[in-house]
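We will go from stop to stop together.

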Amino acid sequence: ASLFRNNLIVALGSDQVFAIELFTKLNYVRDSLSIKVIGLPDWHEFKSLDVDYSQPFSLRVVAEDFVDYRDKNIDNFIHKFHTAYHKVPEIESYSFLGYDATFYFLQAIYNYGDNWMKSITDFEIPLMQNQLHFEKQSRGGYENTYWNLYRQENYNYILER
């Protein structure tokens with residue numbers, strides 16, 4: 001750790017107790033060191049992790065999916081979904097993922113026609129839950145290699161674009 005530079009900790013522990021202990025210890029030095037922390041996808045689900053302990057370190061979490069409920073487009077989708085189906089869309093019910101997948105591939109076909117697969121590695125559009133960035137794999141096929149990065153700020157999680 002450096003007193004003169006910003007410090008970044010990439011915490012690879014996926015256990016809630018590990019995260020709690022890490023932030024407990026970091027809080028002893030938070031006034032003397034500039035520290036930011038990046039955690040694993042599971043960290044967003046840790047119910048016992050006190051946000052007052054993690055927020056001073058600008059906690060960032062990587063995840064395959066993330067829905068920013070403060071986004072106007074998300075609010076509009078929720079309203080339309082609720083009107084049509086009389087329930088609120090949930091991440092676990094694949095509402096956002098289904099919309100994103102359909103929208104993404106229909107837009108790819110619309111933009112590139114029958115040759116859309118040849119351009120899939122360059123095609124990126126904003127989506128609601130999952131961003132897609134496909135890379136061709138050496139063993140054949142394509143893989144989405146995008147990870148969302150979001151941070152704690154003012155007791156909320158905010159997507160970094």
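What follows is a short tour, one selection at a time.

Before we start, this is a predicted model, in which local features need pLDDT of at least 70 and side-chain atom pairs count only at pLDDT 80 or more, while totals for chains, interfaces and linings use all residues. Residues are numbered from 1 along each chain as its sequence is written, and side-chain values use heavy atoms, with hydrogens and water left out.

**Stop one: the sheet.** Colour the strands (DSSP runs of E, at least two residues, numbered from the N terminus; helices are H or I runs of at least four). Five of them make an open sheet with mixed pairing, ordered β1-β2-β3-β6-β7. Two strands pair if DSSP finds at least two bridges between them. β1 (7-10) and β7 (156-160) are at the edges with a single partner strand each, so one side of each has no neighbour in the sheet. From one strand to the next, the twist averages 25 degrees.

Now select 35-39 and 60-63: these are β2 and β3, which run parallel and are joined by two bridges. Isoleucine 38 has arginine 60 of β3 as its bridge partner.

**Stop two: the cores.** A nonpolar core is a set of buried Ala, Val, Leu, Ile, Met, Phe, Trp, Tyr and Cys residues joined through side-chain atoms within 4.5 Å; buried means under 20% relative accessible area, exposed over 50%, and partly exposed in between (1.4 Å probe, protein chains only). Select Phe23, Leu26, Val37, Trp43, Leu59 and Tyr150, which have the most contacts inside the largest core, a set of 19 residues. Two or more residues each come from α1 (16-26), β2, β3 and β7, and α1 gives the most, with four.

Centre on tyrosine 150. Beyond its neighbours within four places in sequence, its contacts (heavy atoms within 4.5 Å) include His44, Phe66 and Tyr157. A second, separate core has eight residues, among them Ala108, Ile120, Ile125 and Leu132.

**Stop three: a helix pair.** Select 72-85 and 95-112, helices α3 and α4, whose axes come within 12 Å and cross at roughly 105 degrees. They are therefore roughly perpendicular (65 to 115 degrees). Ile74, Phe77, Ile78 and Phe81 of α3 meet Ser95, Phe96 and Tyr99 of α4.

**Last stop: arginine 5.** Look in the segment before β1. Is arginine 5 buried or exposed? Arginine 5 is exposed, at 61% relative accessible area.

Note on methods:
Axes are lines fitted to C-alpha atoms, for helices over the stretch in contact, and angles run from 0 to 180 degrees between N-to-C directions. Angles under 35 degrees count as roughly parallel, over 145 as roughly antiparallel, 65 to 115 as roughly perpendicular and the rest as oblique.
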